[in-house]
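Visitor: Hi, I have a model open here and would like to talk it through. Could you help me read it?
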Amino acid sequence: MASFNNQFVQPAGMKKWGMGLTGVGVVSLVAGLAFLAFSKDEHSATRCWAVLLHNSVYFLLVVNAAMFFLCATTLAWAGWTQSFRRVVEAISTLVIPFGILAFIVLMCIVYGHQHHIYHWVDKEHVAGDKILLGKSGFLNPTFFTIWTVVTIGGWIFLGRNMRKLIREADEAPMETGYAKKWIFKNTVHAAFFIVLFALTVASTIPWLWLMSIDAHWYSTMYSWYTFASTFVAGMALIALFVIYLKNHGQLPFTNEEHLHDLGKFMFAFSVFWTYLFFSQYMLIWYANIPEETEYFKARVWGNYRGLFFLNLALNFLAPLLILMKKGAKRNYTIVTFMAVLIIFGHWIDMYLQVMPGPLGDHGSLGWFELGIATGYVGLIVWLVGRALEKAPLVPLYHPFLKESMIHHT
């Protein structure tokens, strides 16, 4: 098994593209701060911070989905992932820089009194608003900050510990007794992360970071909706890097069987996202209660109408029609195309979650929106490449590696 090249060296082209796209993001950020954030026009300043909120939260949740996948498959003792597990680990390392960036953006919005984004930061407004006053127990800067610190800090700490533990599979063959204890230790560490994930991404964090933008509106499905959106984008990102490495002659034990399973995740969670989208929309439409329909009114009949239906086409129709067949999920070109489409589609989805609240009909997809997103894409390409260089691509001494090598669907 040790005769193949098990060490990744980031190609010059990959590094060049990563740093180049990151550079575009940095230039966009500087220009945005100069011409938008410090502008006397309230719409321009709000647009700047809303765009930073949208991208920082979206890409953080997408890379954090990789750690969720890593821990969920560890709990399930799913050995089939071992042949490409290092890709998942590498993506999960981005929780550290992306978490720090998201924290900075969130704190600037809350303590910079960007009340056009979070209305609840304006104490005078809250005092005269019964709904916001009733939610002030958790919609306040102190609670928001503490829970954000606990959340991002917990993701970073538990994720780092999990990756450190997994690296023992590179050191030497494990005796049966030690291997059992090591697998159990992995399972316990994974369980801690899953519990934190359930208390944050699957419940409170979407409420605080995103749903509180429209603080008068709420949905009991919102957190699951956000989870489904960012998880399917995370699976698409994993698939892209797996295909990239396969095309460069690495990951020898990963084959079309593994790609098929990644494609099934992309297909299944696209359908799951659609189910949540429809359930949330249908109930609100059917009840026709003004304070509930206001949320969708701005998105379906306002300036965002085109993006609303593009969202459905990209995230429901395309995966359903293209990824349904078995052969499509085993085709590198089709899976690559669909992975890019899904990541972009759910970026649009979160754009629709964030922008209409603070900007109303003044939202647009311009140079700043696309420039910041480009910068995050560049960081992903560059930093994942660096992370892949730091460990062997295949954990040769993992007790479940053989299961991955003979994996068949």
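Visitor: What does the accessible surface of the protein chain come to, and how much of it belongs to carbon and sulfur atoms?
Guide: About 17,800 Å², and carbon and sulfur atoms hold 69% of that. Areas here come from the Shrake-Rupley method with a 1.4 Å probe, and for residues only the protein chains shown count as cover. Keep in mind that this is a predicted model, where local features need pLDDT of at least 70, side-chain atom pairs count only at pLDDT 80 or more, and totals for chains, interfaces and linings use all residues. Residues are numbered from 1 along each chain as its sequence is written, and side-chain values use heavy atoms, with hydrogens and water left out.

Visitor: How many of the residues count as buried?
Guide: Of the 409 residues, 56% are buried. Buried means under 20% relative accessible area, exposed means over 50%, and partly exposed is in between (1.4 Å probe, protein chains only).

Visitor: And the charges, how many positive and negative side chains are there?
Guide: There are 28 positive and 22 negative side chains, with 9 Å between the centres of the two sets. Lys and Arg count as positive, Asp and Glu as negative, while His and the chain ends are not counted. Each charge is placed at NZ of Lys, CZ of Arg, CG of Asp or CD of Glu.

Visitor: What radius of gyration does the chain have?
Guide: The chain has 22 Å, which agrees with the value near 22 Å for a compact globule of 409 residues. The radius is taken over C-alpha atoms, and the globule rule is 2.2 Å times the number of residues to the power 0.38. Along the principal axes, the C-alpha atoms fill a box of roughly 70 × 45 × 40 Å.

Visitor: Let's zoom in. How many residues of helix H3 are buried?
Guide: Eight of the eight residues in H3 (residues 85-92) are buried. Among them are Arg85, Arg86 and Glu89.

Visitor: What covers the buried residues of H3?
Guide: The cover includes helices H2 (42-75), H4 (95-111), H7 (141-166), H9 (222-247) and H15 (367-388). Contact here means heavy atoms within 4.5 Å.

Visitor: New topic: how many disulfides does a search find?
Guide: Zero in the whole structure, where a disulfide is a pair of cysteine sulfur atoms within 2.5 Å.

Visitor: Is leucine 251 buried or exposed?
Guide: Leucine 251 is buried, with a relative accessible area of 1%. Asparagine 288 also has a positive phi, near 55°, but counts as exposed at 54%. Asparagine 288 lies in the loop between H10 and helix H11 (290-300).

Visitor: Last one: what does threonine 409 touch?
Guide: Not counting residues up to four places away in sequence, threonine 409 touches Glu257, His260, Asp261, Lys264 and Arg330. Threonine 409 is partly exposed, at 30%.

Definitions and conventions: Helices (H or I, at least four residues) and strands (E, at least two) are DSSP runs, numbered from the N terminus.
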